Amino acid sequence: MRYFRRFLYFSTFLVFIFTSILTLYYGKETFHFETGTVPTQAQGTVPNTHHNNYQHHFVLIPEELDNDYWRLVEQGARDAAKFHNVYLEYLGPKQANTAEHLKTIDMAIAGRVDGIITQGIGEEQFNHLVTKAKEKSIPIVTIDTDAPESERAVYVGTDNYYSGFIAGKAIINDTTGRQHVAIVTGRHDAPHQKLRVQGFMDAIATEKRISVLTVEESNITEIGASEAAHKILKQYPSVTAFYGTSALDGIGIAKVVSNLKAEDNIYIIGFDILSETLEYIENGLIEATVVQFPYQMGYESVERLIQLNEGKELQPLQHTDTKIVHKEDLPLDPATMSGGQQP
């Protein structure tokens with residue numbers, strides 16, 4: 001019995017050692033960016049025997065992977081990567097998730113990549129990660145949303161304050177008489193969304209006939225925008241105009257306004273040029289939209305990272321184009337539709 005007990009203890013100890021080795025090995029593999037791989041679309045990596053032929057290894061981390069806007073950013077980045085012989089990975093949360101986003105940045109740093117392109121996040125943990133990357137000589141370019149309080153090297157993207165400002169100027173120019181505006185924004189805590197709201201507020205500040213009734217959150221979803229619009233119309237029957245600050249807001253607002261047969265009395269200005277947004281502009285339900293150039297953002301962010309790796313000094317703010325589109329501007333030219341063009 002004593003020998004059997006010793007055998008049992010010894011067997012248990014061996015199993016523990018074996019399991020620990022497996023855990024360490026596979027844990028390491030889980031959080032390690034393979035240097036000999038080529039990315040599939042948001043599916044991780046597959047073997048590649050020609051990785052050593054690339055000049056640099058960059059990672060693009062979007063707000064969410066399977067999103068029309070971020071796919072245009074990705075396409076621009078991939079075209080620039082191909083042109084400059086750069087190995088590019090596209091990794092991040094499937095849906096907007098700050099914790100997962102931050103974890104992906106940390107993994108990229110641990111993978112010793114040559115540069116990271118990521119949407120800026122207004123959190124202290126993000127700032128710590130940027131500092132950590134800088135200490136390891138990994139430059140970070142923020143894209144779409146800046147984090148100026150961090151040690152990021154460069155921001156490439158829309159001047160979000162300006163985009164809100166020109167949206168405010170559009171409603172001034174497009175309307176007459178008293179206007180009671182409701183704003184539907186993607187997320188209250190998102191820095192770029194706050195700038196789009198602030199720019200709008202400042203643009204209309206001296207226009208006494210225009211006032212803002214409320215600012216509601218859509219959580220960057222169409223259904224969220226619809227729910228917000230329905231709530232606003234119920235609580236504020238005097239509303240005459242809507243401003244949506246993220247891509248799906250205008251669409252969600254338009255659907256509610258259409259269902260209530262109120263389109264003749266409501267002005268809507270949205271954001272971005274999804275096909276459904278353009279359809280609503282064509283039929284007059286949405287009056288205007290703010291156009292960004294995400295393809296241009298992706299392309300230029302890769303080029304800025306290359307320059308940073310070469311030791312060049314760059315201006316910290318690299319703003320891409322922004323403009324307002326009305327019905328008379330349709331159909332849009334191919335470069336605008338595709339989010340910009342190759343420089």
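A crossing of two helices is right-handed if the near helix is turned clockwise from the far one by less than a right angle. Keep that in mind for two of the views below, all taken from a predicted model.

**View 1. Helix α2 packs against helix α10.**
Here α2 (residues 68-83) passes α10 in a right-handed crossing. The two helices pack at an angle of about 35°, and their axes are 6 Å apart. On the α2 side, look for Tyr69, Leu72, Val73, Gln75, Gly76, Ala77, Asp79, Ala80, Ala81 and Phe83. They meet Pro294, Tyr295, Met297, Gly298, Tyr299 and Val302 in α10. Sort these residues by class and you get twelve nonpolar, three polar and one charged.

**View 2. Glu300 sits in helix α10.**
Stay with α10, which covers residues 294-309, and find Glu300 in it. Is Glu300 buried or exposed? Its relative accessibility is 14%, so Glu300 counts as buried, the cut-off being under 20%. Leaving aside residues up to four places away in sequence, Glu300 touches Val156 and Thr320.

**View 3. Helices α5 and α6 cross each other.**
This close-up pairs α5 (residues 160-174) with α6 (residues 191-204). They pack at an angle of about 40°, with 6 Å between their axes. That angle makes α5 oblique to α6, and the crossing is right-handed. From α5, the contact includes Tyr161, Phe165, Ala167, Ile171 and Ile172. From α6, the residues in the contact include Leu195, Arg196, Phe200, Ala203 and Ile204. The whole contact of α5 with α6 divides into nine nonpolar, seven polar and three charged residues.

**View 4. The largest nonpolar core gathers 29 residues.**
Which residues have the most contacts inside this core? They are Phe242, Val257 and Ile268. The elements giving two or more residues to the core are β8 (179-185), α7 (222-235), α8 (249-259) and α9 (275-282). Apart from this core lies another, of 23 residues, with Phe58, Leu65, Ala81 and Val156 among them.

**View 5. Helix α8 is largely enclosed by the rest of the structure.**
Why say "enclosed"? Eight of the eleven residues of α8 are buried, so the rest of the structure largely wraps it up. The buried ones are Asp249, Gly250, Ile251, Gly252, Ile253, Ala254, Val256 and Val257. What covers them includes β8, α7, β10 (241-244), β11 (267-271) and α9. After α8 comes Lys261, which has a positive phi, near 55°.

With a relative accessible area of 24%, Glu222 is partly exposed. Take Leu248: Glu222 and Leu248 are 26 residues apart in sequence, yet their C-alpha atoms are 5.0 Å apart in space.

**View 6. Zoom back out to the whole chain.**
The chain comes to eleven helices and 14 strands. Of its 343 residues, 51% are buried. How many of the contacts between residues at least 6 apart in sequence join residues at least 24 apart? In this chain, 73% of them do.

Methods
Residues numbered from 1 in each chain as written. Predicted model: local features only at pLDDT ≥ 70, side-chain atom pairs only at ≥ 80, totals over all residues. Heavy atoms only, no water. Axes fitted to C-alpha atoms, helices over the stretch in contact; angles between N-to-C directions. Helix = DSSP H or I, 4+ residues; strand = E, 2+ residues; numbered from the N terminus. Parallel < 35°, antiparallel > 145°, perpendicular 65-115°, else oblique. Contact = heavy atoms within 4.5 Å. Nonpolar A, V, L, I, M, F, W, Y, C, P; charged D, E, K, R; others polar. Core = buried A, V, L, I, M, F, W, Y, C linked by side-chain atoms within 4.5 Å. Buried < 20%, exposed > 50% of the residue type's maximum accessible area, 1.4 Å probe, protein only.
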